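My entries follow the order in which I looked things up.

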Amino acid sequence: MARFELVTDRKGIRAAQRALKRALNRALPPRPGAYTIGYPGGKIERSKLRANSRIWYRGQIVRNAGAPRFWNAFGLTNELATNRSNHIKVEINSLLMGSSRRFGGMFAREAGRGFALLHSGKVGGGRPGIGKKEFVASFNGKQVSVFDADRPSSPRSAFLIARLDDPQAVNAIAEFVLAVARFKDQDSLDDSGTLTRKQLKAKALAARFKPRSMLQQVVMYERNPYVSAYAKRRANGHCDLCGNRAPFAFKGNPFLECHHIDRLADNGDDSVHNTVALCPNCHRRMHLTFTTADIDHLRRQASR
Ligand SMILES: [Zn+2]
Ligand SMILES: [Zn+2]
């Protein structure tokens, strides 16, 4: 592990924060418009932001707080909206002087090099299941040892987010912000089973309006139309798994869906012996639960 020294003196922290700002100002143009930024316990109205296509940034110095600090807030640009409060995905804060393990963010430097931005992995708002341990386990960033001159015997490990003199620094910060966002989104889905209906409704109502979109590549298989037509004819209006009648008629025929017992993606054949006709419920079931008993049953149906 590379060895980093925590920056704790007032002058050093101010210089590191300036280096962070310089990098952000260079990479993130001012975003037109005024935005409301929400954080636990309050919001900032009509705020000016800087943003590229991936992340937005808003920073300020917070003096009137128990822990006076440089406050650096980041969020996702494709979630930005002017007509509602915008959520911060991650804050990277530093005390004006000294160090605090309450904050995940920190400035440090490696011998003979410029400032670096690090983060302990302490993310999230205290909800069950969201915490440092889970994030550290899920994020595959580079971990380094950070030495604190005031506590030389207890170095901490932290993620090296970016070297602030690296022209790619803001890209690296964006990767971190996106990783935190993915982590939080996934976790909020995972905890849904433990919430009351009322809590779940509150979370669902607070969800962002514009889902993130991403392109996905899908391999398509050419299918022989006679194979599926024959499987449906053979099923004679009844599902090959549950035996019930097709739930509705479509274009004059009982509606059943063709299913390959061995998936085409697993090198299964597009043949009548590997194809069955299922009701939509059973089709979904076969894609989620595939038990040996169901598969054996379908093989018998397909060999009729
Ligand atoms: Zn069925
Ligand atoms: Zn299928």
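**Ground rules.** I am working with a predicted model, where local features need pLDDT of at least 70, side-chain atom pairs count only at pLDDT 80 or more, and totals for chains, interfaces and linings use all residues. Residues are numbered from 1 along each chain as its sequence is written, chains are lettered from A and ligands numbered from 1 in the order in which they are written, and side-chain values use heavy atoms, with hydrogens and water left out.

**Domains.** I started with the overall division: domain 1 covers 3-206 and domain 2 covers 225-302. The bounds come from an automatic or database domain assignment. Taken over C-alpha atoms, the two domain centres are separated by 50 Å.

**Zinc ion, ligand 1.** Which residues hold this ion? I found Cys239, Cys242, Cys279 and Cys282, each giving its SG atom, at 2.2 to 2.4 Å from the zinc ion (ligand 1). Donors here are N, O and S atoms within 2.8 Å of the metal (3.2 Å for Na, K and Ca); water is not among the atoms, so sites may look incomplete. The spacing of these donor residues in sequence reads C-x2-C-x36-C-x2-C.

I then checked the geometry: the angles among the 4 donor atoms run from 105 to 115 degrees, and the site is tetrahedral. For four donors, that label asks for all angles between 85 and 135 degrees. For reference, the ideal angle for four tetrahedral donors is 109.5 degrees.

My cut-offs are under 20% relative accessible area for buried, over 50% for exposed, and partly exposed in between (1.4 Å probe, protein chains only).

**Zinc ion, ligand 2.** This ion is coordinated by His259 through ND1 and by His283 and His287 through NE2, at 2.0 to 2.2 Å. The donor spacing is H-x23-H-x3-H. I noted that histidine 283 and histidine 287 both sit in helix α6 (residues 280-288), 4 residues apart, which is about one turn of the helix. Helices (H or I, at least four residues) and strands (E, at least two) are DSSP runs, numbered from the N terminus. Histidine 283 counts as buried at 15% relative accessibility, while histidine 287 counts as partly exposed at 43%.

**Aromatic pairs.** How many are there? I get 9 aromatic pairs in the structure. In the pair of tyrosine 57 and phenylalanine 74, the ring centres are 5.2 Å apart and the planes are at 40 degrees, so I logged it as tilted. Rings of Phe, Tyr and Trp (its six-membered ring) pair if their centres lie within 6.5 Å; planes under 30 degrees apart count as stacked, over 60 as edge-to-face and the rest as tilted. Tyrosine 57 belongs to strand β4 (residues 55-62) and phenylalanine 74 to strand β5 (residues 69-76), so the pair ties together parts 17 residues apart in sequence. Tyrosine 57 is buried at 2%, and phenylalanine 74 is buried at 0%.

Next came phenylalanine 135 and phenylalanine 183, with ring centres 5.3 Å apart and planes at 75 degrees, so that pair is edge-to-face. This pair links distant parts of the chain, 48 residues apart: phenylalanine 135 in helix α2 (residues 132-138) and phenylalanine 183 in helix α3 (residues 169-190). Both phenylalanine 135 and phenylalanine 183 are buried. Ring pairs join Phe135, Phe139, Phe159, Phe176 and Phe183 into a cluster.

**Charges over rings.** The charged end of arginine 3 sits over the ring of phenylalanine 147, 3.8 Å from its centre. Arginine 109 does likewise over phenylalanine 115, at 4.3 Å from the ring centre. The test is NZ of Lys or CZ of Arg within 6 Å of the ring centre and within 35 degrees of the ring normal.

**Backbone check.** Most residues other than glycine have a negative phi. Arginine 46 has a positive phi, near 45 degrees. Arginine 46 lies in strand β3 (residues 42-51) and is exposed at 67%. Asparagine 236 also has a positive phi, about 55 degrees. Asparagine 236 is in the loop between α5 (225-235) and β13 (249-250), exposed at 60%.

Technical notes:
Four donors count as tetrahedral if all angles lie between 85 and 135 degrees; four count as square planar and six as octahedral if opposite donors are over 155 degrees apart and all others between 65 and 115; anything else is irregular.
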